[in-house]
Each structure stands twice: as structure tokens, then as C-alpha cells.
Amino acid sequence: MLTITKSLFGTLPGDVPVYAYTMANGPQFSVTAITYGGIITDLRVPDRSGRCESVVLGYDTLSDYQENAGLYLGALVGRLSGRIGRAQFPFSGETVVLPANEGENSLHGNGEFSKAVFSAATNLTADCAEVLLRYRSPDGAEGFPGAVEACITYSLSADNVFTIRFDADTDADTVLNLTNHTYFNLSGNLRDTVRSHMVTADVTDILELAEDLIPTGRRIPVDGTPFDLRTGARIDDAVVSEHPQAVLVGHGFDHPFLFREDGDHTVVLSEPVSGRRLTLKTDYPCLVIYTGNYLDDAAAIRGIPSRKYFGVALEAQLYPDAPNHADFPPVLLRAGEHYAHTTSWTFDVR
């Protein structure tokens with residue numbers, strides 16, 4: 001039976017409450033999200049023996065999320081996901097200048113959405129549990145033009161499908177590229193790193209990254225590289241690879257992977273010991289895969305010291321730095337148009 005429970009997760013300055021909503025379809029599948037950043041704090045699914053454990057990186061307190069905001073654990077990201085070179089881009093004959101928060105570049109919209117407090121509403125039927133998170137980003141927020149009204153819907157079905165639907169409108173032309181930044185670790189309760197995880201995806205190219213991790217605009221075919229996921233590849237293959245792009249990002253992935261065609265796309269992440277498998281489906285044209293290359297033991301995650309490769313983020317989105325590349329699919333959202341994208345996660349075992 002599907003359920004939604006609400007509880008107080010913490011309080012921000014000014015006595016602003018942050019609530020946690022847990023959607024469950026019984027004792028074997030649950031997902032919890034909070035109104036601060038729309039963060040998915042926990043997601044629990046069974047392994048092949050039926051043991052139900054957490055398969056995402058998350059914290060138990062609001063202060064932990066605030067102190068480690070730069071990790072974006074489980075958070076919604078906007079207005080522009082990814083990096084924007086030199087924290088600026090051309091727009092309507094002018095130059096939009098953003099605050100730089102990673103060297104001279106802008107990363108993940110300067111954390112606006114991931115630190116915003118969303119209003120929440122719920123909807124519960126026999127077939128679906130939904131939490132609708134709404135946020136208004138005002139004109140000029142973090143330097144972006146136009147006001148954006150966003151609604152992100154988290155929904156859980158009775159058959160273990162968790163869906164994220166992104167909807168947004170603007171009152172003036174702007175740019176928008178929303179994603180969720182959950183880190184997965186299918187070993188269960190952070191038992192191991194993700195190096196043994198397998199990733200399968202019908203991708204053709206990656207976007208080449210420069211030294212500052214900004215896309216150069218060049219596409220690199222995945223053929224014959226550790227980025228070839230078409231028949232499945234272990235994350236460890238990229239970790240140990242001497243491919244210049246794998247070395248550049250700290251040995252692993254931190255790249256935009258480009259899908260073969262327009263339409264719906266499928267990515268499969270699996271872990272051999274637990275038997276857990278995540279099938280991600282999305283209508284976004286790009287998937288940024290980040291294998292936690294820069295995670296360290298500076299902070300514990302649920303009492304366990306963090307370390308490199310402790311989680312892998314699968315960030316379905318539009319192309320990062322797109323406003324600075326005329327040949328990338330545009331991230332322009334015009335007044336009167338509607339932004340709509342969907343990503344789903346299905347869990348099973350094999």
C-alpha cells in the first residue's frame with residue numbers, strides 16, 4: 001500500500017521549517033525528500049536476499065547539508081546545471097554575468113535551487129504517491145534573467161518506479177537546465193565504493209573537457225575508450241585508465257555523455273554483490289556521470305567516513321555550458337513556452 005508521511009527535518013534561521021516527506025509502497029521501497037533543496041535524503045530498496053538498505057548518499061541532519069552544500073548530495077540543481085565557463089554567456093545581444101563559485105566559473109547555478117526552500121503539496125492515490133515541490137526564482141536571481149516558476153514532482157508507483165518530473169514557466173526569455181544530483185551506491189548502506197558498479201548506456205560521444213572542466217565544444221567518440229558504455233563497463237575501468245580525459249577529472253568520470261538519438265533513453269547501473277539494479281530512463285539528451293572522484297574523508301556520511309568513489313551521480317540534463325556553444329542544443333526558455341522533462345528510476349534485482 002502506498003503511503004506518504006511528513007515530519008519536521010529541521011529549522012532554518014528565522015524559524016523557517018524544513019519538512020521531510022517519505023513515500024513508500026510497503027516495507028521494501030521508500031524514498032525521502034526534504035523541502036530544503038528538494039534533496040533526496042534517503043532511498044531504500046532490497047537486495048537479492050530481500051535485505052532493504054539505503055542506496056543513496058545522504059545526511060540525517062539539516063546542518064550537515066548546509067555545511068557540505070558543495071557536494072549537492074541528492075539536491076535539485078538550477079537554474080543551469082553544470083559549469084558555465086568564465087561565469088558568463090551571451091544572451092539577447094548582451095552578456096549575462098553570474099557570480100563565480102568555482103574558480104572563475106559558475107557551477108550548478110551557484111546553488112540557488114539546491115539551497116532553496118520549496119513549498120510542498122502531496123497527492124496520494126491507489127497507484128501513485130506524489131510530492132509536488134514549488135519554487136519561484138525571481139528575475140535577476142544569481143544573475144539570471146526572467147522570473148521562473150518551477151514545479152518538481154517526485155512520484156512513487158506501486159511497481160518500484162520513482163519519477164522526477166520537471167515543469168517550469170518564465171515571464172521573460174531566460175535559460176534553464178534542471179537536474180537532480182543524487183549519488184547512488186547500490187552496495188547498500190555504503191558498504192563499499194562504486195568501483196565495481198557496472199554502467200550500460202547507448203551513448204555515442206562525450207563532450208571533451210578543458211583543464212577547468214568546461215566543455216571545449218569538441219565531441220569525442222566513445223569507441224575504444226573507457227567511456228564506451230554501450231555493452232556495459234565497470235566504473236573501475238575508468239578509474240584505472242590512463243585516458244587523458246579520465247585522468248583530467250581525477251581518474252574516473254565527470255563528463256557529459258551524449259545519447260545516440262532524440263527521444264527516451266535508458267541507462268542501467270548494477271552492483272554484482274547485492275544484485276541491485278537501477279534502470280534510469282530520461283527524455284533529456286545528455287547524462288553527466290560523476291564517479292565521486294573528489295570525495296574524501298573530510299566528512300562522514302551517516303557515520304561512515306567518506307572516500308573517493310563513494311557514490312556515482314547520474315545527472316540527466318541538457319548540455320552543460322550550452323549558452324556558450326552555438327552548436328549545442330539550446331537551453332533557452334522563452335516567455336510563453338513550457339519547460340518539461342522527465343527522469344525515472346526503476347529498481348530491481350538480478
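I started with E208, which sits in strand β19 (residues 203-209); helices (H or I, at least four residues) and strands (E, at least two) are DSSP runs, numbered from the N terminus. Before going on, I noted that this is a predicted model, where local features need pLDDT of at least 70, side-chain atom pairs count only at pLDDT 80 or more, and totals for chains, interfaces and linings use all residues. Residues are numbered from 1 along each chain as its sequence is written, and side-chain values use heavy atoms, with hydrogens and water left out.

Is E208 buried or exposed? It counts as buried, at 18% relative accessibility; the scale is buried under 20% relative accessible area, exposed over 50%, partly exposed in between (1.4 Å probe, protein chains only). I then checked which side chains E208 touches. There is a polar contact of 2.8 Å with the side chain of T216, and another, 2.9 Å, with the side chain of R218. For the record, a polar contact is a pair of N or O atoms within 3.5 Å; within protein, one must be able to donate a hydrogen and the other to accept it, and residues adjacent in sequence count only if both atoms are side-chain atoms.

**The six-stranded sheet**

Next I traced an open sheet of six strands, ordered β17-β28-β25-β22-β19-β20, with antiparallel pairing. Two strands pair if DSSP finds at least two bridges between them. β17 (183-184) and β20 (215-221) are the edge strands, each pairing on one side only. Inside the sheet I looked at β25 and β28 (residues 312-317), which run antiparallel and are joined by five bridges. V288 stands opposite E315 in β28.

**Strand β3**

I moved on to β3 (residues 30-34). Five of its five residues are buried, so the strand is largely enclosed by the rest of the structure. In a regular strand the side chains alternate between the two faces of the sheet. Here S30, T32 and I34 cover one side and V31 and A33 the other, and all are buried.

β3 has two partners that I wrote down. β2 (residues 16-24) runs antiparallel to β3, with five bridges joining them, and M23 stands opposite V31. The hairpin of β2 and β3 has five residues between the strands, and G26 there takes a positive phi near 125°. On to β4 (residues 40-46): its pairing with β3 is antiparallel over four bridges, and V31 stands opposite L43. That hairpin, of β3 and β4, has five residues between the strands, with G37 at a positive phi near 70°.

**Pockets**

How much space lies in the largest pocket? I get about 430 Å³. The search runs on a 1 Å grid over the protein atoms alone: a cavity is a set of points where a 1.4 Å probe fits but cannot get out, a pocket is an open set with protein on both sides within 12 Å along at least five of seven lines, and lining residues have an atom within 4 Å of a point. Grid points are joined across faces, edges and corners, and a volume is the space filled by probe spheres set on the points.

The largest pocket has 22 lining residues, with R83, E102, L107, H108 and D254 nearest its centre. β22 (254-259) and β25 (286-290) are the elements that give two or more residues to this lining. By class the lining divides into 13 nonpolar, five polar and four charged; Ala, Val, Leu, Ile, Met, Phe, Trp, Tyr, Cys and Pro count as nonpolar, Asp, Glu, Lys and Arg as charged, and the others, Gly among them, as polar.

The second largest pocket has a volume of about 160 Å³. Strand β8 (residues 88-91) gives the most to its lining, with three residues. That lining has eleven nonpolar, one polar and no charged residues.

**Cavities**

I found two cavities of 30 Å³ or more in the whole structure. The largest is about 70 Å³, and its lining includes Y36, Y59, Y65 and Y72. E315 is one of the residues lining the second largest cavity.

**Cysteines**

Last, I counted disulfides, meaning pairs of cysteine sulfur atoms within 2.5 Å, and the count comes to zero.
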